[in-house]
Amino acid sequence: MKVGITGAAGHVGATICRTLIDKGYEVVAFVRNDITALEGLPITMVKGDVLDRASLKKFMTECDTVIHAASMIELSYKFEQKTYDVNVVGTQNILEIAKEVKTLKLIYVSSIHVFSQKPYDKALDETRPFVSNNSVFYDQTKRDAHLLAQDAAKNGQDVVVVCPTSVVGPFDYKPSKLGKAIIDMYKGKIPAVIKGGFDFVDVRDIADGTIAALENGRSGETYILGGRYHTIKELSDYVFKVKDVKKRLAVFPLSVAYAGLPFVKTFSYLTKKPPLYDKLYIDILKDGNKETLSTKAQQELGYTTRTLEETLNDTINWFKKQQKI
């Protein structure tokens with residue numbers, strides 16, 4: 001079976017490519033410019049853009065099934081046309097062309113952030129309501145694309161949705177923002193951390209779960225692919241444990257982090273470096289649900305996860321091999 005992947009050169013996409021190859025699938029990667037994460041892999045590459053229907057059709061006619069992992073992450077509360085176009089219009093294009101060329105099955109890689117994190121005292125699963133139009137704009141675009149995928153399934157297409165939580169792991173070539181944070185922690189460039197955390201999941205577990213959804217997922221269903229909630233402090237502690245040093249970072253409460261925003265911005269301006277954090281980052285930390293359930297994926301897809309310590313050990317060793325640390 002030939003499996004096509006959009007966003008194939010991204011962190012999640014490239015890991016899915018590797019896992020598909022290991023499982024004996026033929027892989028057709030839909031890429032734009034940077035293909036560093038795919039170099040040396042035995043795959044077919046088709047260049048194009050999710051907003052270019054002609055290139056999409058060329059790509060999808062070469063595939064039996066498609067995993068749509070392409071998206072644009074731009075964190076803001078404001079409307080961002082490019083983010084909307086890539087995440088929503090791009091998904092609509094893929095769904096429409098999949099129907100036209102009779103793609104057997106399509107997996108849409110959504111996000112845990114399509115769901116409202118509140119109430120915080122109740123476990124979050126696939127029945128949780130979607131975010132409102134007051135949420136981070138990226139979350140809104142993923143929600144709208146998620147709904148398009150569900151509508152396509154209702155109209156007869158074989159479409160399954162998976163929702164990863166905060167992804168971390170090896171093969172992080174760019175690297176991602178979380179990967180960059182791990183590198184900076186390891187190098188001692190982060191003086192302290194902010195209270196709060198995320199549900200972290202290994203990118204290899206996401207790849208396994210996504211392929212399991214391709215093989216066994218039920219059309220129209222959504223599967224959360226999560227790991228376990230850890231504070232940023234716990235994340236940094238694991239990083240230093242892997243480094244084998246006794247250093248531990250101080251933790252600032254969110255109120256102090258908010259109060260320090262003007263100083264962070266000024267320091268960033270003076271040093272010409274990106275700020276250590278911004279208001280949106282604090283808001284996201286503040287809004288995380290501490291119990292995200294992957295029970296449905298575990299029961300229906302056989303989904304399993306690694307520990308964060310194992311993930312960070314493998315990630316840091318991979319960064320070392322890439323000479324990023």
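User: At what angle does helix 6 run to strand 9?

Analyst: Helix 6 lies across strand 7 and strand 9, at about 65 degrees to strand 9. Such angles run from 0 to 180 degrees between N-to-C directions, with axes as lines fitted to C-alpha atoms, for helices over the stretch in contact. Contact here means heavy atoms within 4.5 Å. Before we go on: this is a predicted model, with local features needing pLDDT of at least 70 and side-chain atom pairs counted only at pLDDT 80 or more, while totals for chains, interfaces and linings use all residues. Residues are numbered from 1 along each chain as its sequence is written, and side-chain values use heavy atoms, with hydrogens and water left out.

User: What makes Leu20 count as buried?

Analyst: Buried means under 20% relative accessible area (exposed is over 50%, partly exposed in between; 1.4 Å probe, protein chains only). Leu20 has 0%, so it qualifies as buried. Leu20 sits in helix 1 and, leaving aside neighbours within four places in sequence, is in contact with Val3, Ile5, Tyr25, Val27, Ile67 and Ile211.

User: Why is helix 6 called largely enclosed?

Analyst: 11 of its 14 residues are buried, so the rest of the structure largely encloses helix 6. Among the buried ones are Arg204 and Asp205, along with Val203, Ile206 and Leu214. "Helix" itself is a DSSP run (H or I, at least four residues; a strand is E, at least two), numbered from the N terminus.

User: What makes a set of residues a nonpolar core?

Analyst: The members are buried Ala, Val, Leu, Ile, Met, Phe, Trp, Tyr and Cys residues joined through side-chain atoms within 4.5 Å. The largest has 37 residues, with Ile5, Leu20, Leu38 and Ile67 making the most contacts inside it. Helix 6 gives the largest share, seven residues. Apart from it lies another core, of 29 residues, including Val50 and Leu106.

User: How do you know that strand 1 and strand 2 pair?

Analyst: Two strands pair if DSSP finds at least two bridges between them. Strand 1 and strand 2 have five, in the parallel sense, and Val3 stands opposite Val27 in strand 2. Four of the five residues of strand 1 are buried.

User: What makes strand 7 an edge strand?

Analyst: Three strands form an open sheet in the order 7-9-11, with mixed pairing. Strand 7 and strand 11 each pair on one side only, and they are the edge strands. The twist averages 50 degrees from one strand to the next. Strand 7 runs parallel to strand 9, joined by three bridges, with Val168 opposite Asp202.
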